[in-house]
Amino acid sequence: MARVLVVGAGLTGSACAALLRGAALGRVVVWDKARGAGGRMSTSRSARDAACIADLGAQYITLETEGAEPRRSFYEELLSHGILKPLTAPIEGMVVKEGSCNYVAPQGMSSVVKYYLKQSGADVFYEQHVTCISLRDGKWEVSRKMGPPEQFDVVVLTMPVPQILQLQGDIVNIINGSQRQQLESASYSSRYALGLFYEAGTQIDVPWAAQYITDNPCIRFISIDNKKRNIESPEIGPSVVVHTTVTFGSEHLDSDPAEVQQLILNHLERIVPSLPKPASIKCQKWRYSQVTKPVPNCLGQMILHTQPLLICGGDGFTFSNFSGCIDSAMSLAEAVKSHL
């Protein structure tokens with residue numbers, strides 16, 4: 001029985017692992033370098049109250065009716081289990097495409113990824129930072145920062161494309177010249193996100209659940225996150241999410257996080273002066289926030305080596321939204337199944 005490693009517990013990795021379940025593959029193992037599931041669909045918790053959460057990555061999920069058939073079942077499944085619900089809260093400045101529907105995850109975006117990981121039946125391990133991939137006796141030997149190397153029959157890489165190119169070992173020479181050129185042409189935008197967590201009973205008096213900001217050099221989006229998710233409870237404190245502009249993100253990419261946090265808070269105070277003082281704050285840097293240019297000439301994945309199979313995918317091979325990740329997951333799972 002084959003042993004399959006999926007690197008990355010974001011949306012693509014988790015959906016791919018779920019699609020591989022029952023494919024007579026043997027064991028599927030998922031490794032992620034973070035402390036929990038989600039990737040760029042991560043949900044953060046208040047340091048004081050684990051029930052007070054905020055989506056620091058993806059804010060809502062859009063289903064566009066055009067070309068949606070292959071992935072519609074994914075939306076329907078999540079809706080039927082209550083993991084997604086229609087977005088009903090008012091979002092100022094949001095551009096709604098005709099025929100599209102928007103959804104939120106009441107328990108936070110990471111609940112979508114956790115659902116797929118549970119469905120997969122995979123062995124999931126966090127704080128596993130893959131550093132090196134080499135061939136050893138017809139298998140892949142995968143090394144990580146902590147713990148001994150392990151061997152796998154198939155390796156599926158779903159992290160951002162620049163992180164694939166940073167891996168050491170035989171993979172450096174396995175990626176051929178034209179593949180490297182394709183991979184290097186992928187590009188991402190960068191931004192910061194701030195999560196502000198409040199004590200239960202705190203009132204945030206604004207008429208919107210979220211708004212897009214068009215005239216600030218620092219802030220692009222503000223959300224009263226619990227209100228956006230339609231969760232308002234006297235027992236749980238509210239939370240606020242702030243996303244910076246891409247320009248601000250790239251200009252401050254390697255700045256001191258504490259300084260960046262203060263800059264964002266200064267701008268936030270000017271935009272929403274009535275905002276109370278939070279109980280705790282989390283500053284998240286998204287170096288690879290959204291794909292601005294995907295890897296060209298790839299239908300959701302790229303096979304780097306056939307026997308044993310080494311394959312990579314993710315939104316860097318499609319586009320940065322739910323549908324793009326699902327398209328890649330389907331393409332990856334299909335390729336893995338056909339090679340075994």
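A residue is called buried under 20% relative accessible area, exposed over 50% and partly exposed in between, using a 1.4 Å probe and protein chains only. By that criterion five of the five residues of strand E20 are buried, so E20 is largely enclosed by the rest of the structure. The model is predicted: local features require pLDDT of at least 70, side-chain atom pairs count only at pLDDT 80 or more, and totals for chains, interfaces and linings use all residues. Residues are numbered from 1 along each chain as its sequence is written, and side-chain values use heavy atoms, with hydrogens and water left out. Helices (H or I, at least four residues) and strands (E, at least two) are DSSP runs numbered from the N terminus.

- A hairpin through three residues joins E19 to E20.
- Pro308 is found in the loop between E19 (301-305) and E20 (309-313), and the peptide bond from Gln307 to Pro308 is cis, with omega near -5°.

- Thr318 lies in the loop between E20 and helix H10 (322-339).
- With a relative accessible area of 14%, Thr318 is buried.
- Leaving out residues up to four places away in sequence, Thr318 is in contact (heavy atoms within 4.5 Å) with Pro294, Gly300, Gly324, Cys325, Asp327 and Ser328.
- The side chain of Thr318 reaches the backbone oxygen of Gly324 at 2.8 Å.
- Thr318 and Val240 are separated by 78 residues in sequence and by 30 Å in space, C-alpha to C-alpha.

- Three strands form an open antiparallel sheet in the order E5-E8-E6.
- Strands E5 (61-64) and E6 (85-86) stand at the edges with a single partner strand each, so one side of each has no neighbour in the sheet.
- E6 is joined to strand E8 (residues 100-104) by two bridges, and the two run antiparallel; Lys85 stands opposite Val104 in E8.
- Helix H2 (residues 69-80) lies across E5, E6 and E8, running at about 135° to E5; axes are lines fitted to C-alpha atoms, for helices over the stretch in contact, and angles run from 0 to 180 degrees between N-to-C directions.

**Helix H3**

- Ser111 lies in helix H3 (residues 110-120) and counts as buried, at 16% relative accessibility.
- Apart from its neighbours within four places in sequence, Ser111 is in contact with Ile83 and Ala105.

- Glu127, although not a glycine, has a positive phi of about 55°; its place is in the loop between strand E9 (123-125) and strand E10 (130-136).
- Asn230, which is not a glycine either, has a positive phi of about 65°.
- Asn230 is found in the loop between helix H7 (225-228) and strand E17 (239-244), and is exposed, with a relative accessible area of 54%.

Methods: Two strands pair if DSSP finds at least two bridges between them. A polar contact is a pair of N or O atoms within 3.5 Å; within protein, one must be able to donate a hydrogen and the other to accept it, and residues adjacent in sequence count only if both atoms are side-chain atoms.
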